[in-house]
Amino acid sequence: MAAAAAASHSLAVFRHQRLASSWAATVADHARSGRHDAALTVFRRVLRAHPAVATSDQLAYAALLRCRDRRLAYQIHAQACRRGLAASNPVLACSLLAFYADCEDCDSASRVFDEMPHPDAVSYTAMISALLRAGDCRRALALYPRMLPLCTPTQHTFSKLLAACTSMSLRRHGTQLHAQLLRWGCWGPHLSLVLKTALLHMYAACGAMVSARTVLHATPETDVVLWTAIITAYSRGGQLQHALQAFRDMERATVPPNAFTYAALIAACSAARSLHIGRLLHARLFKFCLEDDTSACNALLDLYSKSSTRFLDLLHAFRAVDTPNVVSWTAFIAGLMRHGRDQEAFAAFARVRATGVQPNSFTLSTLLKGCTSAHACLLAAKIHAYVLKTSFESLDAAVGNSLVDVYARSARMDDAWDVATTMSFVRDRFTYTSLAKGLNQMGLHHRALDMILHMFHEEVQIDGFSLACFLSAAATLASIEAGKQLHCCAVKLGLADEVSVSNSLIDMYSRCKCLEDAKSAFGSVREPSVVSWNAVISGLASNGCYTEALSAFEDMILAGAQPDGVTFSVVLSACSHCGLVDIGIKHFYSMMNLFGVPPQKNHYTLFLDMLRQAGRLTEMADTIEAMPIPLDFVSLKGPAGILQGPQ
């Protein structure tokens, strides 16, 4: 009897297991195929007919969670909580954690994790991954000391933690994790490729390339992923020669490069505007039959778009892409814009939509930034209409700021402001700087300064460029008070040493006839640029200090600064006003002979007017005869002005 009972019990267990295995396999098949409703229907039927089977199969729950359907997942979570499985079953809990991590629902993931009585290394790793997906790197790193007394981290745990340390502010944490690995003996022959790759990525992302190369050479075992990671890091840092040297080292190590390796190298060439090396890498793509790879083709498109003056290079690179994605189309549109082919760029944008590729915010902002022709405002209005029509999700800072900038440059400030008001949560300093520049161009300087109040109320940080724009507005006002307040603001924010701010301060004080303050602002510039020198020379000349302005020009030459056309316009005007004709003649002929600055029409006009006032008509006639450009007699008070002689 006992044997018969045992046999009967074994048969029941077998049938129970077979039923569980069968329905779980069916659910998993529906989940993999995306048939979410069918998977849930099977689950409900088994739950009604065999509740013990349904509530005991954790693998079936995990399969249902792979459907990535929020409604379905919440129902599963509710069923699991009702039967006490969510807290006690680590497999199901990890599946829930993975689901909430993919959905970026960090709060739900945290609740699941906190309800687990004894989380293991897998659970901790899943929670760390969820926090990383949510961008909360510090909370992810804070879990590491919590797990140490309870369980031993795996190499996947370390790889996730190291991925959280890919910023300069968290580099110290990454170094401590590295030290922990060394302490546990996970170095030398024991360092796996997974950990080696994670360490290299961490150091490379933080710009610690010496440490990254140390990790690379720590063990003889390498692969293409490791070498490509270090080449990519050099590429992003603009270090083309270092990237090429790493590529040569990779070849010496007999590790064959892949398309991503070449894409990183070509990206470095694009950043360095090294077209020749980029063409050589293009040839190697053909040699190793990698020319059809989309990532490599996109890198080539970017290279030819930025560096080549031949439009055919861009066209051939685009035609080589078998299936252009949004990156390909965006790079092609950017190239068309750089070649001044606005209409063709908009035709390409229409083709993007026709092919079913969804434009992103970078595509739209690229189009808008290229709108510099006379029809820029019309083209921008078309993109604006497209954004509104499609309820485009990415009317974000990039697209919105580009629209504001185009409308502001076209003096359509009402439209610019309308766009800015729809950017209620993404307005930034670029938004307000564009608005202030547009208002300045229209002469509405008081309204331009009002943008400061909006930035203050919205806690938008002022930078050097926005402050320079506000100083330009303050320079036109009758009172100096606004300019002085902005100067105090620059000092308080630590922006007074920025060249753009210093130049604007020099210009503002000069216009307000505060020459001592202008000189003081100029004196605070550590390395004056030609713009700085032009500002102080122009400020002195505009206030009648012509001799001092010419003296400042001499100081500029002694300092080794290279004057430009603006400099010589101010110098010739100063010579004319103070009657220093011989000095003016010397400076005029030194433009091209000493400094390589070809005289333009305004320089000839100033020079001839200076000769006319000095009564040196013969020299005037010789200059007019030798001029390579036609003379504008209107600027010389008509043809008779040449014969008037000195006044």
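**Labels and their grounds**

Author: The end C-alpha atoms of residues 325-359 lie 9 Å apart, and this span is 74% helix and 0% strand. Helices (H or I, at least four residues) and strands (E, at least two) are DSSP runs numbered from the N terminus. The model is predicted: local features need pLDDT of at least 70, side-chain atom pairs count only at pLDDT 80 or more, and totals for chains, interfaces and linings use all residues. Residues are numbered from 1 along each chain as its sequence is written, and side-chain values use heavy atoms, with hydrogens and water left out.

Reader: How do you know that the span of helix α33 agrees with its number of residues?

Author: The expected span is 1.5 Å times one less than the number of residues. Helix α33 (residues 530-542) has 13 residues and should therefore span 18 Å; its end C-alpha atoms are 18 Å apart, which agrees.

Reader: Why is serine 466 called buried?

Author: Buried means under 20% relative accessible area, exposed over 50%, and partly exposed in between (1.4 Å probe, protein chains only). Serine 466 has 0% relative accessibility, so it counts as buried. This serine 466 lies in helix α29 (residues 464-474).

Reader: What makes the pairing of serine 466 with aspartate 463 a polar contact?

Author: A polar contact is a pair of N or O atoms within 3.5 Å; within protein, one must be able to donate a hydrogen and the other to accept it, and residues adjacent in sequence count only if both atoms are side-chain atoms. The side chains of serine 466 and aspartate 463 make such a contact at 2.8 Å.

Reader: Why is isoleucine 557 called partly exposed?

Author: Isoleucine 557 has a relative accessible area of 29%, and is therefore partly exposed. Isoleucine 557 is found in helix α34. Residues up to four places away in sequence aside, isoleucine 557 touches Pro563 and Phe595, where contact means heavy atoms within 4.5 Å.

Reader: Which residues of α33 are buried, and what covers them?

Author: Among the buried residues of α33 are Trp533, Val536 and Leu540. The cover includes α31 (499-511), α32 (515-523), α34 (546-558) and α35 (565-577).
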